Amino acid sequence: MSVTLADVAARAGVSAATVSRVLNGNYPVAGSTRSRVLRAVDELEYVVNGPASALAAATSDLVGVLVNDIADPFFGVMASAIQSQIGPDGEHDAPHSQKMAIICNTGGSPERELTYLTLLLRQRAAAVVLTGGTVEDPEHLAALATRLRRLEAGGTRVVLCGRQPLGPVAAGGGPAGTRETERETAREPERDESWGPSPVALTFDNFGGARRLTAHLLSLGHRRIGYLAGPAARTTTRHRLEGHRAALAGAGAGGPQDTERLTVHGGYDRSSGYDGALELLRREPELTAVVAANDTVALGACAALRDRGLRIPEDISVAGFDDLPFAIDAAPALTTVRIPLHEAGARAGRLALGREDAPAGRVATLPADLMVRASTAPPRATA
């Protein structure tokens, strides 16, 4: 017997109308209530059919592209590249091959990400592309895997772009096998066979890029290096921070206590860079370099440093990450790590529509290249 809306309502302890509101996303519902409803949907494996319910095995012409913030160039570049491969102006412009991209702006909310996936499941999307890092929470990762399995079971292609592949949830929180610096010492967690095969994943070498960036500053003679990290619960944040710390440890530059003191977490926005740079100066007035979680954060840091009367790079060096379009036009041009955002997005678009074969092992790691520009120089003491 198929599961009904009433069954979900009974399991969640709410009315059928509340379940409908959560699934449709057309009415505000308290976060705790929404969580209970979505948990009941997962436990009962309830699937809402959309207008095409009569075609149970068919998919629509929709392609869902999930981004944290479309106004952020990091996501904007990838979304544009994805759409270039699937829309009417794409390489394959025959009418039967045209698809319509739907950009789903999650605002970084794990619950909103799950809701969008439920709605795309309901609409029987032809493909779904999830961009950027994910939140390292076991409950969210398990719910995410469940939805992706259901999408694929219904004929939807799923591609992860700039995101780690799914895998068993480690006891510490994130998917196992992604912590490069812990692989030699951490015990491999028992594999959860119910997890199932992962979708195709195009990942960025965030760890390696961050390590090379900090190693560059160390080679210039910097030792008092502050780090402006992104949100602590994000995979991208962790991998870049681990790469930075691996470079410091390899050079014997400061102990764990100093490294922690010179790390400030914030968002991936300009204001976080501005406020974070001031906090770093408060903690270490003799700071000689700042490494930022991304280029937008780096620009905010540059503004704060200038407001404090410091010159870049004469008094203090600044480096970013991603090589967003504005990085080379900053004054001075920003030393950063180039992530192939457009290439990744275009490839994800082709993979989503089956126009490119999946990489070996269903995972491909794209390179992260160091771009040395004028915003970094030797500290004054060693210049």
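Two strands are taken to pair if DSSP finds at least two bridges between them. Helices (H or I, at least four residues) and strands (E, at least two) are DSSP runs, numbered from the N terminus. The model is a predicted one, in which local features need pLDDT of at least 70 and side-chain atom pairs count only at pLDDT 80 or more, while totals for chains, interfaces and linings use all residues. Residues are numbered from 1 along each chain as its sequence is written, and side-chain values use heavy atoms, with hydrogens and water left out.

Six strands form an open sheet in the order 2-1-3-4-5-11, with parallel pairing. Strand 2 (100-105) and strand 11 (363-366) stand at its edges; each has a single partner strand, so one side of each lacks a neighbour in the sheet. On average, neighbouring strands are turned by 15° against each other, direction ignored. Angles otherwise run from 0 to 180 degrees between N-to-C directions, and axes are lines fitted to C-alpha atoms, for helices over the stretch in contact.

Strand 1 (residues 62-67) is joined in parallel to strand 3 (residues 127-131) by four bridges. Within this pairing, Val 65 stands opposite Val 129, and Gly 64 stands opposite Val 128. Six bridges join strand 1 to strand 2, again in parallel, and there Val 63 has Ala 101 as its bridge partner.

Burial (under 20% relative accessible area, with exposed over 50% and partly exposed in between; 1.4 Å probe, protein chains only) extends to six of the six residues of strand 1. Leu 62, Gly 64 and Leu 66 are buried on one side, and Val 63, Val 65 and Val 67 on the other.

Helix 12 (residues 341-352) lies across strand 3, strand 4 (157-161), strand 5 (200-204) and strand 11, and runs at about 170° to strand 4.

Elsewhere, helix 1 (residues 5-12) packs against helix 2 (residues 16-24) at an angle of about 100°, with the axes 8 Å apart. Helix 1 is therefore roughly perpendicular to helix 2, a term for angles of 65 to 115 degrees, where under 35 is roughly parallel, over 145 roughly antiparallel and the rest oblique. Leu 5, Val 8 and Ala 9 of helix 1 meet Ala 16, Val 19, Ser 20 and Leu 23 of helix 2.

Finally, His 239 is found in helix 8 (residues 235-251). With 5% relative accessibility, His 239 counts as buried.

Note on methods
Contact means heavy atoms within 4.5 Å.
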